[in-house]
Amino acid sequence: MNAATKEPPSNAAVRTRAQLGMAAPKVTVEAHVGGGLPRFNLVGLPETAVREARDRVRSAIENNQLRFPQGRVVVNLAPADLAKQGGRFDLAIAISLLAATNQVPAAHLHRFEFLAELGLYGTLRHTRGVLPAALAMNDENAILVVPEANRAEAALVSSRTVVPCAHLTDVLALLADPSKPQPACTSPRPEPKAAIDLLSLVKGQQTAKRALQVAAAGGHHFLMVGPPGAGKTMLARSLLNLLPKLTESQALEVAAIYSSAGLMRDAYEATPWRDPHHSATAPAIIGGGVQASPGEASLAHHGVLFLDEMPHFHPRVLNLLREPLESQQATIARANYRVTYPANFQLIAAMNPCPAGRVCAQGACRCQPRQVQAYQARISGPLLDRIDMQLWLPNLPKEVLAARTEPATDTATLAAAVAEVRDRQLARQGVLNSQLAGPIAAKQAPIASAAQALLTEAIDTYRLSGRSYHKIIKVAWTVSDLNQTEAIGVQEVAEALSYRAIDWEKMVGR
């Protein structure tokens, strides 16, 4: 090769961040431009989308009248043992090449981190995981350059310097004069829409409404069983009428999970509500896939995961919820990565008692006992044991169903009581009653002697496991908080026991 065509070797390094679950580990993009035949090598454990950056970056540079380096180009994404996924490294790769060929000043590169996918004409495209990356910067004296399309989530991190840019040329202008004051990264936060008061539309079912308030006040998992049309789904959806808005820290944590999934919340402080279809797979519910995306259990963090027609979900998928229900985390372990997402959700489920939905309703079910047993067995005993409250909803009497008017349900008063009880629980123990470890709840809950005797008798009557026993104590404690009593009495224990009084064997026809 003619020596005149060779370029002197040159180097540059810029910073960016990878995504590993909720973490955003640092990545240094090192570019080396040397002589020899034109060739572009991208190393550092890049997966397919990262390797394709070679073509995106080349087009973006050339389409903006910039010079793509000739000769042998090596770009290293360090550390080499960290898997790199997605197009988030495009901008950092482009800047490193331009710096290595002296087309952008390299003196201030140490002050910046770059995180964006590039379009072929230099547009900075929406990139997942911007918010976790911004949070991971902590108090570092650095400026994070992100796409303009990510402005809304970047604006949530008000204490850190984040600069949204729409195009590669905007980034070059920023690097040309870093001292130029940048406008504050602000964006209006979407406000929660006023929820329809579904609770006031539910006819009858006063016991279920009371149970729903108890579940909301203590964050208890709740299963409703009953024939079709009893109001199970509407009652479940009306839970949102009783739950308070998220706190600032909770909302930021939820927003970071949605950012990791490449999603953006419709309303910042609204309680998350996830309602997956029963055909959802294990990765869709728990999380996983090529990029270890969070599943519905994590997207429902600090909110509600609603499983309608619960037995229609695959039993293997349902059983995967057992661990998150206990640990409040969803861990995804694969051969080349292991990530953990928070999954502190409240499970609300609804189901018919049998495939036809008529068992114990009117005595006219066409299902055989073995069919009913197989249907109910799709929900395993260990999973049922983790559901704090299980309530039978009967058919509405014809007088109630045909009535044109219904006694008004004061939803606002119920919601205010729920908020007050939640504040009391958080002040008392730092978590809601449902989130207390069972032995701790049994030790700390103030239980009257007569109520303790009733609990002891219930162990044999209801054949309670240790977990079920502790859950009844926690539900009774929430009832006591709602009743504003000093100690858990017989009335509170009796109400808590009534929420676990479904006779599953009777429904099978034994």
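**Notebook: salt bridges, sheet and cores**

I began with the charged side chains and found Glu 326, Asp 385, Arg 386, Arg 467 and Arg 500 linked in a network of salt bridges. The model I am reading is predicted. I noted 15 salt bridges in the structure.

**Confidence.** I looked up pLDDT next. The protein averages 88, and 92% of the residues score at least 70. Residues 1-7 stay under 50, and the model gives them eight contacts beyond four places in sequence. Where pLDDT is low, predicted coordinates should not be read in detail. I leave that stretch alone.

**Sheet.** I traced an open sheet of five strands, with parallel pairing, in the order E11-E14-E17-E10-E18. Its edge strands are E11 (273-274) and E18 (389-392), each pairing on one side only. E11 joins E14 (residues 304-307) through two bridges, in the parallel sense. Arg 274 has Leu 305 of E14 as its bridge partner.

**Arg 274 again.** Which side chain does Arg 274 meet in a salt bridge? I found Glu 296, at 2.6 Å from N to O. Arg 274 sits in strand E11 and Glu 296 in helix H11 (residues 296-299), so this pair ties together parts 22 residues apart in sequence. Both Arg 274 and Glu 296 are buried.

**Arg 237.** I then checked Arg 237, which forms a salt bridge with Asp 275; their closest N and O atoms are 2.5 Å apart. Arg 237 belongs to helix H8 (residues 232-237), and Asp 275 to the loop between E11 and helix H10 (282-286), so the link spans parts that are 38 residues apart in sequence. Arg 237 is partly exposed at 33% relative accessibility. Asp 275 is partly exposed too, at 32%.

**Arg 56.** I found a salt bridge from Arg 56 to Glu 52, with the closest N and O atoms 3.9 Å apart. Buried or partly exposed? Arg 56 counts as buried because its relative accessibility is 15% and the limit is under 20%. Glu 52, at 42%, is partly exposed.

**Cores.** I listed the largest nonpolar core at 48 residues, where Phe 222, Ile 348 and Met 389 have the most contacts inside it. Helix H20 (residues 466-483) gives the most to this core, with eight residues. Another core lies apart from it, with 45 residues, among them Val 14, Phe 40, Val 50 and Ile 61. I also followed Ile 348: beyond four places in sequence, the residues it touches include Phe 222, Leu 239, Val 304, Leu 305 and Phe 306.

**Helix H3.** How many of the residues in H3 (90-100) are buried? I get eleven of eleven, including Asp 90 and Ser 96. Just after H3, Asn 102 takes a positive phi of about 60°.

Terms used
Residues numbered from 1 in each chain as written. Predicted model: local features only at pLDDT ≥ 70, side-chain atom pairs only at ≥ 80, totals over all residues. Heavy atoms only, no water. Pairing = 2+ DSSP bridges. Helix = DSSP H or I, 4+ residues; strand = E, 2+ residues; numbered from the N terminus. Core = buried A, V, L, I, M, F, W, Y, C linked by side-chain atoms within 4.5 Å. Buried < 20%, exposed > 50% of the residue type's maximum accessible area, 1.4 Å probe, protein only. Contact = heavy atoms within 4.5 Å. pLDDT = per-residue confidence, 0-100. Salt bridge = Lys/Arg side-chain N within 4 Å of Asp/Glu carboxyl O.
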